[in-house]
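Here is a structure to look at. The questions below ask what its labels rest on.

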Amino acid sequence: MKRSWGVFAVLACSVAIPARASEPLSRAEPEAMGVSSAAVLDFVRAADGVDSFHSVMLVRHGRVVAEGWWAPYDAETRHALYSLSKSFTSTAVGLAAAEGKLSVDDPVLKFFPDDAPAEPSANLKAMRVSDLLRMSTGHHDEPRRPDDQVWTKVFLAHPVPSKPGTHFLYNTSGTYMASAIVQKATGETVLDYLRPRLFDPLGIDDPEWGASPQGVSLGGYGLSVRTEDIAKFGQLYLQKGRWNGRQLVPEAWVKAATSLQTSNGSNPRSDWEQGYGYQFWRCRNGAYRGDGAFGQYCVVMPDRDAVLAITSAVKDMQAVLNLAWDKLLPGIQDGPLPADPTARDALAQTLKGQTMKAPQGAAEPGSTVKAFDRTFKFEPNPRKLESLRVERGGANEGSLTLVLRSDGQDRRIPCGRGEWTKSRAAVAGFPEQPVAASAAWTADDELTAKVVLVETPFNVTYRIKFEGDRAVVAPEVNVAFGATRGEPLTGKAE
């Protein structure tokens with residue numbers, strides 16, 4: 001790509017102009033926008049077989065025609081995007097290029113003279129910003145990001161066996177480098193740089209983005225926003241970068257970022273082998289998307305003038321897209337459809353009543369089981385669980401509080417029965433954050449408690465079996481990059 005991004009500065013909005021607060025997306029009846037309520041209902045019902053959706057929002061012709069959250073997730077809570085963050089980092093690169101701060105043709109080494117190896121290889125010297133964006137850095141494996149080292153230096157020291165631009169390798173560290181380059185070129189983190197240029201104009205309030213030990217926005221992951229924020233971002237790209245009459249992102253960048261930049265396979269049935277743009281995946285059916293681990297999606301369908309936003313915790317991400325193409329896509333028609341109040345009302349009621357499955361069981365243990373108000377202590381273990389205690393009481397009959405002690409501190413987790421009780425807690429190695437919990441006695445001597453980390457895809461299920469003066473705990477995480485369960489721990493009553 002030629003070094004011509006400077007001309008886009010005329011098209012991009014000037015950040016000196018105060019951003020008008022953006023209102024929520026408009027709402028409309030599905031059929032009025034050419035969407036079949038029955039088709040959306042089929043999609044939502046089919047999604048119940050995919051464990052588990054957290055939210056869904058469908059936008060047609062710029063208006064929300066269907067939206068729902070699976071309790072305890074809700075519209076007001078941010079959700080971790082994982083690699084969907086990459087598409088936002090790409091946008092920051094495009095804006096910095098439009099302002100003349102950098103070019104996609106710039107060598108990566110240009111920005112890190114102090115972190116470069118003493119004798120850079122020819123392939124490293126040839127690596128450009130565009131190679132970072134299109135996942136074609138020339139690496140054969142992804143550089144690590146160790147907490148005790150400078151990430152940019154580790155990246156540049158990593159072998160580059162192939163000529164950049166010659167093959168595709170999904171490379172989150174490469175996206176981090178793109179974030180670091182934006183920070184070098186603009187003097188601001190990607191998070192701060194995007195606030196007046198993207199987040200504020202779109203009305204994306206209080207986005208959160210994790211940072212590296214060097215204070216650089218993570219770039220390839222770490223961004224948290226709300227479901228409607230994902231939909232707005234997709235709608236902005238669908239509108240070729242325009243929002244409320246302003247060109248927020250240059251149209252030429254939108255086209256480049258969402259077009260085929262790298263081939264990555266040839267399977268016609270896989271949405272991971274349709275090509276890759278600048279931190280956007282090409283899809284079947286003429287669509288493109290940003291997506292993140294465990295099922296965070298921003299799917300843009302230009303041919304249908306539609307955007308689909310989903311947050312979830314799924315193990316098979318292709319299965320979700322298959323549902324979208326098989327169930328949803330046929331229901332999006334060119335013109336308005338006849339009113340269908342029966343299907344519309346059924347869809348509205350279904351979306352309104354969605355909830356994650358809470359543990360089902362009795363309100364009390366068996367009469368001979370002594371579980372309440374006893375402290376069970378554990379030997380030192382990798383999970384750092386020191387003790388647990390179950391206390392009666394809560395918002396409804398059968399409610400209880402699970403008290404887990406770790407790092408010398410009691411973590412109190414109120415659990416509803418048949419419903420979700422919200423609080424804050426640190427569980428299973430995750431830092432303290434908002435959670436929602438529910439518990440029930442799934443056997444006379446077994447308590448099952450599920451703790452949902454409502455700003456993430458994760459939940460932790462504790463199955464606690466009481467055996468006289470012992471409690472055997474088997475925690476399990478729903479999804480993970482590694483193992484989801486470990487060996488049970490046995491605690492003894494004091």
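**Pockets and a helix pair**

Q: How do the residues of the lining of the largest pocket divide by class?
A: They divide into nine nonpolar, six polar and four charged. Nonpolar means Ala, Val, Leu, Ile, Met, Phe, Trp, Tyr, Cys and Pro; charged means Asp, Glu, Lys and Arg; the others, Gly among them, are polar.

Q: What kind of model is this?
A: This is a predicted model: local features need pLDDT of at least 70, side-chain atom pairs count only at pLDDT 80 or more, and totals for chains, interfaces and linings use all residues. Residues are numbered from 1 along each chain as its sequence is written, and side-chain values use heavy atoms, without hydrogens and water.

Q: Why is α1 called roughly parallel to α11?
A: The axes of α1 (residues 37–47) and α11 (residues 341–352) cross at roughly 30 degrees and come within 8 Å. Axes are lines fitted to C-alpha atoms over the stretch in contact, with angles from 0 to 180 degrees between N-to-C directions. Angles under 35 degrees count as roughly parallel, so α1 is roughly parallel to α11.

Q: What makes the contact of α1 with α11?
A: Contact means heavy atoms within 4.5 Å. Residues making it include V40, L41 and V44 of α1 and A346, L347 and L351 of α11. By class, the contact has eight nonpolar, two polar and two charged residues.

Definitions and conventions
Helix = DSSP H or I, 4+ residues; strand = E, 2+ residues; numbered from the N terminus. Parallel < 35°, antiparallel > 145°, perpendicular 65-115°, else oblique.
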